[in-house]
Amino acid sequence: STIMGSCNWRNDMPKGNVNKNPNDPRAARSVRDIKNTMLSLVEREPFAQIRVEQILSEAPVQSNTFYKYFASKQDVLDAIGDDLIARMRQELETLQPRNLRGGVMVFYNVINTDEPAYGKLFSEEEYAEFQEKIRDDFFDSDYFMDFCNNDEYVEIVPAFIGNVAAGTYRRWRENDNGKKRSLEQLADSIAELLLNGLKETE
């Protein structure tokens, strides 16, 4: 469960038609400006305090333009999440060689960009449902199932890998954030742990 006022990934909410005319450069620019403004607001204040009026005051769009594409601030956040998932899946499809460490690094590289708001979106309790949606949509794929050779476990492998990768990233941001271990080293450790398990030392 999430804290009061946290974001909520609702599937029953009417959404704006972002793809009404994807070839219209003005529409694409307006949607991009709205998303970028939302990210700027996420960086500066809690999601519960963000209002559509703030987005309109900072983004170079009119109210009717906003509601042409989005139903609410939550809808904007959902669209940002969809963009992230699309980027992850695209990178995963072209990843060579196929290995667990590389798959985890795709996840890390996308969420750990220079965009400061992503740090909050993927580490703070307020955005727990957002984090879960991105994690589940990315790791729930055949790519990650391929690393399990036990049919009894194959269906739960993506959830297990996703929980380990996402949870470890949150802990890394809280306690390390590159001071002692890079994300590459973190992905190496996760892949080794998941593939080989905890080994007893003699």
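Predicted model: local features only at pLDDT ≥ 70, side-chain atom pairs only at ≥ 80, totals over all residues.

Me: Within what distance do the axes of helix 9 and helix 10 come, and at what angle do they cross?

Reply: The axis of helix 9 (residues 157-175) comes within 11 Å of that of helix 10 (residues 183-196), and the two cross at roughly 145°. On the side of helix 9 the contact is made by Phe-160, Ile-161, Val-164, Ala-165, Thr-168, Tyr-169 and Trp-172. Helix 10 contributes Leu-183, Leu-186, Ile-190 and Leu-194.

Me: How many residues of this contact are nonpolar, polar or charged?

Reply: Ten are nonpolar, one is polar and none is charged.

Me: How many helices and strands does the protein chain hold?

Reply: The protein chain has ten helices and zero strands. Its pattern along the sequence is accordingly written α-α-α-α-α-α-α-α-α-α. Of its 202 residues, buried ones make up 42%. Among contacts with a separation of 6 or more, 69% join residues 24 or more positions apart.

Me: Which residues of helix 9 are buried, and what covers them?

Reply: The buried residues are Val-157, Pro-158, Ile-161, Gly-162, Val-164, Ala-165, Ala-166, Tyr-169 and Trp-172. Their cover includes helix 5 (100-111), helix 7 (128-139), helix 8 (142-145) and helix 10.

Me: Why does Tyr-169 count as buried?

Reply: A residue is called buried when its relative accessible area is under 20%. Tyr-169 has 1% relative accessibility and therefore counts as buried. Leaving out residues up to four places away in sequence, Tyr-169 touches Tyr-108, Ile-111, Asn-112, Phe-122 and Leu-183.

Me: Where is Phe-107 placed, and what does Phe-107 touch?

Reply: Phe-107 belongs to helix 5, and its 2% relative accessibility is why Phe-107 counts as buried. With residues up to four places away in sequence not counted, Phe-107 touches Met-88, Ile-134, Arg-135, Phe-138, Phe-139 and Ala-166. Ala-166 is 59 residues from Phe-107 along the chain, with 8.7 Å between the C-alpha atoms.

Me: Which helices do the buried residues of helix 1 pack against?

Reply: They pack against helix 2 (52-58), helix 3 (63-69), helix 4 and helix 6 (116-121). Thr-37 is one of the buried residues of helix 1. Beyond its neighbours within four places in sequence, Thr-37 is in contact with Ile-55, Glu-58 and Ala-59.

Me: How are the starts of helices read, and which residue caps the N-terminal end of helix 4?

Reply: One looks for a side-chain oxygen beside a backbone nitrogen at the start of the helix. Ser-72 caps helix 4, with a side-chain oxygen 3.3 Å from the backbone nitrogen of Gln-74. At the start of helix 1, a side-chain oxygen of Asp-24 reaches to within 3.0 Å of the backbone nitrogen of Arg-26.

Me: Is Asp-188 buried or partly exposed?

Reply: At 38% relative accessibility, Asp-188 counts as partly exposed. Asp-188 lies in helix 10, and its side chain makes a polar contact of 2.6 Å with the side chain of Arg-101.

Me: What backbone geometry deserves attention?

Reply: Most residues other than glycine have a negative phi, and most peptide bonds are trans. Asn-177, which follows helix 9, has a positive phi near 55°. The peptide bond from Gln-96 to Pro-97 is cis, with omega near -5°, and Pro-97 is in the loop between helix 4 and helix 5.

Definitions and conventions
Residues numbered from 1 in each chain as written. Heavy atoms only, no water. Polar contact = N/O pair within 3.5 Å; in protein donor to acceptor, adjacent residues only side chain to side chain. Helix = DSSP H or I, 4+ residues; strand = E, 2+ residues; numbered from the N terminus. Axes fitted to C-alpha atoms, helices over the stretch in contact; angles between N-to-C directions. Contact = heavy atoms within 4.5 Å. Nonpolar A, V, L, I, M, F, W, Y, C, P; charged D, E, K, R; others polar. Buried < 20%, exposed > 50% of the residue type's maximum accessible area, 1.4 Å probe, protein only.
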